[in-house]
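Trainee: I would like to go through some labels and the grounds for them. Please show me the model.

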Amino acid sequence: MKFIGIIPARYASTRFPGKPLEDICGKTVIRRVYEQASKALETVLVATDDDRIYDAVEAFGGKVVMTRPDHKCGTDRCLEAYKAITTPAWREQNDTDTVIINIQGDEPFIQPEQIKTVMDCFDEPDTQIATLVRPFTDKDGKDAVENPNTPKVDWEIETGKAKMFSRLPIPQGGPYYAHIGLYAYRADVLEKITQLPQSPLEVKERLEQLRWLENGYSIRVGLTDTPTIGIDTPEDLKRAIEWYKWNG
C-alpha cells in the first residue's frame with residue numbers, strides 16, 4: 001500500500017486570510033503541518049492556489065503543486081494534486097493500492113501517531129475512506145459537546161465504521177466523540193466521491209462526509225486520545241503560540 005499525504009492550503013479565508021503563512025515561533029503554520037506529516041509519510045506535498053504559499057513551501061524545501069482556485073473543498077483539491085504528480089497509466093495500475101491522506105493545513109501540531117492511526121485503518125481490505133475521532137473529556141469543558149464548531153461522530157465500535165456526523169450532540173445520551181478532520185481515501189474512491197452532487201444532509205450540516213455516507217460509501221474510524229489545535233481565527237493562533245511555548 002502506498003500512502004501520499006496532501007495538505008490543501010488556501011490563502012483566502014473568511015475568518016483568517018493568510019493563516020497558512022502566519023508565524024508560530026519561527027516557522028509558518030504550513031511548514032509545521034508539513035514537517036509533522038513528513039514524520040509519518042515518505043511522500044507529502046502541499047496543494048495550494050496562491051503564489052505566496054507556493055513560494056513559501058519551496059523556500060523551506062517542501063514539495064508543492066499549484067491547483068485551481070475554484071475548488072469548493074479540500075477533497076477536490078487533493079484529487080487535482082494527486083493527478084498532477086501521477087500519470088494516467090500509473091493511476092490505472094496503482095489506484096486501488098494507493099491511499100491519499102488529506103491533512104488539514106491549519107493544524108500545525110498534528111501528531112505522526114494520528115496519521116499512522118488513519119493509515120492502519122487500511123489494514124482492513126474493505127476500507128474505502130478513513131477518518132479520526134477522539135472521545136470528549138472533562139478537559140474539553142462542559143459546553144464542548146454542544147459547540148456546533150466541533151462536529152460529532154456516531155460510530156459502531158464493533159465494526160469501526162461511522163454511522164453519522166453532526167454538529168449536534170450525537171448519539172443521544174452519548175458517549176460523545178469529536179471528529180478530527182483528517183481524511184484518507186483509496187485513490188479510486190477519491191475520484192468517485194468528487195463527482196457526487198451535494199446531498200441534502202451535507203447542505204444542512206455543512207459536512208461533506210455526509211455526502212459520502214448518503215451515497216453508500218463507508219467511513220472507517222480510527223480512535224485517538226490526542227486533541228488537535230486547529231487555527232481558524234487570530235485568537236486560535238495566539239493559543240497555538242502559547243501551547244507551543246509550553247509544549248514545543
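Trainee: Where is P175 found?

Mentor: P175 is found in the loop between β9 and β10; strands are DSSP runs of E with at least two residues, and helices are runs of H or I with at least four, numbered from the N terminus. This is a predicted model, in which local features need pLDDT of at least 70, side-chain atom pairs count only at pLDDT 80 or more, and totals for chains, interfaces and linings use all residues. Residues are numbered from 1 along each chain as its sequence is written, and side-chain values use heavy atoms, with hydrogens and water left out.

Trainee: What kind of peptide bond joins G174 and P175?

Mentor: A cis bond, with omega about 0°. A cis peptide bond also joins I170 and P171, where omega is about -10°. Most peptide bonds are trans.

Trainee: Why does R211 count as buried?

Mentor: Buried means under 20% relative accessible area, exposed over 50%, and partly exposed in between (1.4 Å probe, protein chains only). R211 has 8% relative accessibility, so R211 counts as buried. R211 lies in helix α8, residues 209-214.

Trainee: Which residues does R211 touch, not counting those up to four places away in sequence?

Mentor: R211 touches I193, L196, P197, Q198, S199 and E202, where contact means heavy atoms within 4.5 Å.

Trainee: Why does R206 count as exposed?

Mentor: R206 has 60% relative accessibility, so R206 counts as exposed. R206 lies in the loop between α7 (200-205) and α8, and its phi is near 60°, a positive value in a residue other than glycine.

Trainee: What makes C25 partly exposed?

Mentor: C25 counts as partly exposed because its relative accessibility is 36%. C25 also has a positive phi, about 50°, although it is not a glycine.
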